[in-house]
Amino acid sequence: MNPIIANDAAILQAVDLLKAGALVAFPTETVYGLGADASNPDAVRLIFAAKGRPVNHPLIVHIASIASLDAWALSVPDTARQLAAHFWPGPLAIILKKRPEVPLEVTGGQDTVGLRMPDHPVALQLLQAFGGGVAAPSANRFCRISPTLASHVQEELGDAVDMILDGGACQVGVESTIIDLSGDQPILLRPGYITREQIETVLQCQLIVAADAQQADVSEIRAPGMMAIHYAPMTPALLCSTANLSASVADLIKQGKKLGLLTSQTDWVNNSALTAVIAMPIEADAYAQNLYSSLRDLDRLNLDMILVEQPPQAEKWRAINDRLAKATSVYSNVLG
Ligand code: TXA
Ligand code: MG
């Protein structure tokens, strides 16, 4: 399926397709989503088939306004209203107890539903014109890298999607922060552009961070984005500390490896021993924006290995480090 520039006519066509139970991929500020009418279980089933995703992995429902929270959630706690007021439209998904009429196909059989109002003009125009909720996971095959360009969606899903709306490159570049407000205490299920500190400042309380605690077991089931292997290129990828980078590169080259490198140090760019070097931004936001397309670019080159220089550990890098840990999880720690 060729992407179509998301003008007014294309968006109206997309609305008709959604109403007819078809799949429409669309841009959001985080990554491209694979959308279906969230109130239509048959349409939602097509999402799982197209992605090859297990049916118990819940989907986020995208909505056009804060007021629509009440149409999907059984009750909306003050905390959810506060966060929505601060961060919506934006890269924050909120998990709440679902209303009975929300199809179990959307929620993976759970009694909670993920909700998000995305901050992208095309997504918002589509949601407003459609009028209902659009269930949309990232528009990639299960466990693979999320798409940040319309062409990535085409590569990933081919004709399994009925329309791809092209809204250019996603600005944030990594998936939304997910906070679970369905229980007694707020739990951060997935780090993203909106940080734990930002949320804690608004809520005036401390968050439980799922990945840090025993909660990890729970969240693996509840938020499969937390699974160990995820967001992965096809090429084996390894994280490497800055201190060990030169020695590791030398060692791998000596072994005859065809090597690609993702680094923030520009002096690697002209190193001809490496097959490909991508110099990454030193700012976290710009790094996140480029991360997935850079991994995809390296993944196309038939490399033996992709080496990724470990970014800083500061809080604003948390989402990036989370995704990189997963992208490299099969091989990580090999290089220290
Ligand atoms: O930025 C994003 O959130 C993108 C764009 C398209 O909006 N969407 C996205 O969807 O990343 P997906 O399906 O790839 O990841 C959604 C995550 C999954 O890990 C899922 O398990 C979790 O959200 N999730 C959805 N509903 C949930 C629920 N009721 N309880 C717990 N986790 C939930
Ligand atoms: Mg995903």
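How many helices and strands make up the secondary structure of the chain?

## Overall fold

This is a predicted model. The chain's secondary structure amounts to 12 helices and 15 strands. Its radius of gyration is 20 Å, close to the 20 Å that the globule rule gives for 336 residues, so the chain is as compact as a globular protein of that length. The C-alpha trace spans about 60 × 45 × 30 Å along its principal axes.

## Burial, surface and charge

Of the 336 residues in the chain, 55% are buried. The accessible surface is about 13700 Å². Carbon and sulfur atoms account for 52% of that surface.

The chain carries 23 positive and 34 negative side chains. The centres of these two sets lie 4 Å apart.

## Nonpolar cores

In soluble globular proteins, nonpolar side chains tend to be buried together. Here, the largest nonpolar core holds 49 residues. Those with the most contacts inside this core are L83, W88, L92, I94, L115, I179 and I199. Elements that each supply at least two of its residues include helices α2 (41-51), α4 (78-87) and α8 (196-203), along with strands β3 (33-37), β5 (92-97) and β6 (112-116). Helix α2 gives the largest share, five residues.

What does L83 touch, leaving out residues up to four places away in sequence? Its partners are W88, L92, I94, I179, L181, I199, V202 and L203. Another core, of 25 residues, lies apart from the largest one. Among its members are V174, L239, A284 and L324.

Is T263 buried or exposed? T263 has a relative accessible area of 1%, which is under the 20% cut-off, so it counts as buried. This residue sits in strand β13, which covers residues 259-263. Beyond its neighbours within four places in sequence, T263 contacts L245, W268, V277, I278, A279, M280 and E309.

D70 belongs to helix α3. Its relative accessible area is 33%. That value falls between the 20% and 50% cut-offs, so D70 is partly exposed. Setting aside residues up to four places away in sequence, D70 touches V76, R81 and R99. D70 and D184 are 114 residues apart in sequence. In space, their C-alpha atoms are 19 Å apart.

Conventions: Residues numbered from 1 in each chain as written. Chains lettered and ligands numbered in written order. Predicted model: local features only at pLDDT ≥ 70, side-chain atom pairs only at ≥ 80, totals over all residues. Heavy atoms only, no water. Helix = DSSP H or I, 4+ residues; strand = E, 2+ residues; numbered from the N terminus. Rg over C-alpha atoms; globule rule 2.2 N^0.38 Å. Buried < 20%, exposed > 50% of the residue type's maximum accessible area, 1.4 Å probe, protein only. Areas by Shrake-Rupley, 256 points an atom, 1.4 Å probe, with all protein chains shown as cover. Lys, Arg positive; Asp, Glu negative; His and termini not counted. Charge placed at Lys NZ, Arg CZ, Asp CG, Glu CD. Core = buried A, V, L, I, M, F, W, Y, C linked by side-chain atoms within 4.5 Å. Contact = heavy atoms within 4.5 Å.
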